Amino acid sequence: MTMRRQMSYRFEDQDASPMTMNRRFSRVESGADLKDYFDRGDIASRENRWNFEVAWEVANKVGGIYTVIRSKAYVSTEEMGEQLCMMGPYKEQCARTEMEEMEFPRGNPLLDAVNALRSRGYKIHTGRWLVDGNPQLILFDIGSAAWKLDQFKLEMWEKCNIGVPHLDIETNDAIILGFMIAEFLEEFRNFAIAYSQNNELSAPRIVAHFHEWQAGVGLIVLRTRLVEIATVFTTHATLLGRYLCAGNTDFYNNLDKFAVDEEAGKRQIYHRYCLERGATHLAHVFTTVSEITGYEAEHLLKRKPDIITPNGLNVKKFSAIHEFQNLHAVAKEKINEFVRGHFYGHIDFDLDKTLYFFIAGRYEFGNKGADIFIESLARLNAMLKHEKPDTTVVAFLIFPTKTNNFNVDSLRGHAVIKQLRDTINNVQQAVGKRMFDTCLKGHIPGPDELLQKDDLVKIKRCMYAMQRDSMPPVTTHNVADDWNDPVLSSIRRCQLFNSVHDRVKMVFHPEFLTSTNPLFGIDYEEFVRGCHLGVFPSYYEPWGYTPAECTVMGIPSVTTNLSGFGCFMQEHISDPKSYGIYIVDRRYIGLENSVQQLTNFMMEFSRLNRRQRIIQRNRTERLSDLLDWRTLGIYYRQARVKALQAVYPDYVDESTLYGSRNNLIFSRPHSEPPSPSSSRHTTPAPSVHGSDEEDSVDEETELKELGMK
């Protein structure tokens, strides 16, 4: 029996109308936040309820799911305490800095299960993850079980008809890890039952949550071996979806038309696709991170998600309501320093009237929307020249790619600026000393007494050194194979060369930002805080952490209705634009219209004065509660509850008794005019007195909205 025939019973009765999403099965609502269940596992311990979370990225920083698992660790331990354990592969380079090794206490079923596997020759590392919450960790050394790979593959073939090519090392590792984890969970269940009987406890209720196809192998083994453990499978992005979108296909309009087996075979990922699809259909509860990914999974994996589990962040609030505004000003000044060095000799624009836009992420030129971002910037450049010639936009593109070290011109610019600053500081000290000495004698110093000829010579030398014949470079590094680089090719096509007449300046930084960077000298979070607008017009983005991070830091952002974040915001905010969330339509209109819409959004933002941008940042930061794991973690809890009820029908949890979450809907801001007036209907209300000062947010309605008197 083939995998396709085995799975067919799961989706025969599902309606699959194209371009619509049936939310009856994909949304579980709740009236409670996860923080209502923060008891450090007290209730879970009394109920003898255990939760295991399995992912390739546990204590292993290799992908975006690492951010999900790491950021969720705190709320997970606050809810489950010692009843929670995270499992993944042991990667020594990461584990050295992320794990504190220690053994479980004696008498704990976890220790008994670990020792049982060690007796089979498996190397297992236990301890705690050095992140907020310090959850318990079990990491499996894949190499110690590699000698059983052929045996594992044989079982996978006999029970599932899935054959794995010998040379696919990544899948081989996933197979080994999956079987090791399944054997551990089977042993743990046996020891937990014996422990419960010996201590007159209720029977253990165990749920194992698997993330992505690499971890999903363990789920398949558990289910095919008929181990009585509740299982949850979460896909953060489908394998086939990523490959299809990378191939420039009209993905969303043809989702219901793809021959999935054929497409997976063409791309030589059929075995991986079968593992992903097998885990999807064998799980008691299947979840995706967004509605749009659920729609994708319905057609590519042939199962609708039971619950949507959006990704969150650990939101840390400041005691002072405007502290994030102060951080924005400090970080912006650091970006100003970079701009002075990069554009030396061509600082013909006012930095106080300069806006910083940025895009960042994996270097997937089309999927991340870099193509339409650059095209829209070219059109924005023309519009600014005509309408606001005194406003300048510096657009940063942060995409890591292969380079041949830093651009010499960029490094020289920062050296020249440093020399000018040091020279002027020395002159200032000398002038101050002369002024003091002259005034001490009872005389008012004249200009000639203060600024001497030697000082003028030093300053002129620095100014001559700042002169340059060439235009400022569009990249900070020498990009390998730059003629075929998609970003640089697009910049050349749009002729955005940082000329003196351009109102949009381009900076392509082909590596991640760190505080040790000799050009920027700030980390990514600080850079985001210093920018004015994040632009992420992605075509394929199952969730989208970059705009979510912007929102939490109070920075407005552009997203799309094809990203999970954009769909989530559309669902929970009555008027996203008024809160600084600009959503580009990349699903229902053509590409040209999407480019024009993005251009209009950026131009609309460029028209805002400083005070209006401050108001908008205040509104954006208010949405941070919506993205907090304390709020969104409830969906993960409900997925576990639903899985437990599928395996243990007598289990009842009070969180399933609540109604819908009315508190998650953000209405239109109080200070927003109900219909178009002198200001655009989705922009912050204009100042009554026309002031642009940063401390002039004084409208009564806006202060009321911000909770200030």
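**Reading the sheet and its helices**

Author: In this predicted model, nine strands form an open sheet with mixed pairing, in the order 3-4-5-2-1-6-7-8-9. The edges are strand 3 (99-101) and strand 9 (307-308), each of which pairs on one side only.

Reader: How do strands of a sheet pair?

Author: They pair through backbone hydrogen bonds, in either a parallel or an antiparallel manner. Here, strand 2 (residues 84-89) and strand 5 (residues 136-140) run parallel and are joined by five bridges.

Reader: Which residue of strand 5 is the bridge partner of Gly88?

Author: The partner of Gly88 in that strand is Leu139. Helices also pack on the sheet: helix 5 (residues 109-118) touches strand 1, strand 4 and strand 5, and its direction makes about 150° with that of strand 4. Helix 3 (residues 65-80) lies across strand 1 (49-54), strand 2, strand 4 (124-129) and strand 6 (205-211), and runs at about 170° to strand 1.

Reader: At what angle do helix 6 and helix 7 pack?

Author: Helix 6 (residues 149-160) and helix 7 (residues 169-198) pack at about 85°, with their axes 10 Å apart. Angles of 65 to 115 degrees count as roughly perpendicular, and the two helices are therefore roughly perpendicular to each other.

Reader: Which residues make the contact?

Author: Helix 6 contributes Leu149, Phe152, Lys153, Glu155 and Met156, while helix 7 contributes Asn172, Ile175, Ile176, Phe179 and Glu183. By class, this contact of helix 6 with helix 7 has six nonpolar residues, three charged and one polar.

How values were computed
Residues numbered from 1 in each chain as written. Predicted model: local features only at pLDDT ≥ 70, side-chain atom pairs only at ≥ 80, totals over all residues. Heavy atoms only, no water. Axes fitted to C-alpha atoms, helices over the stretch in contact; angles between N-to-C directions. Helix = DSSP H or I, 4+ residues; strand = E, 2+ residues; numbered from the N terminus. Parallel < 35°, antiparallel > 145°, perpendicular 65-115°, else oblique. Contact = heavy atoms within 4.5 Å. Nonpolar A, V, L, I, M, F, W, Y, C, P; charged D, E, K, R; others polar. Pairing = 2+ DSSP bridges.
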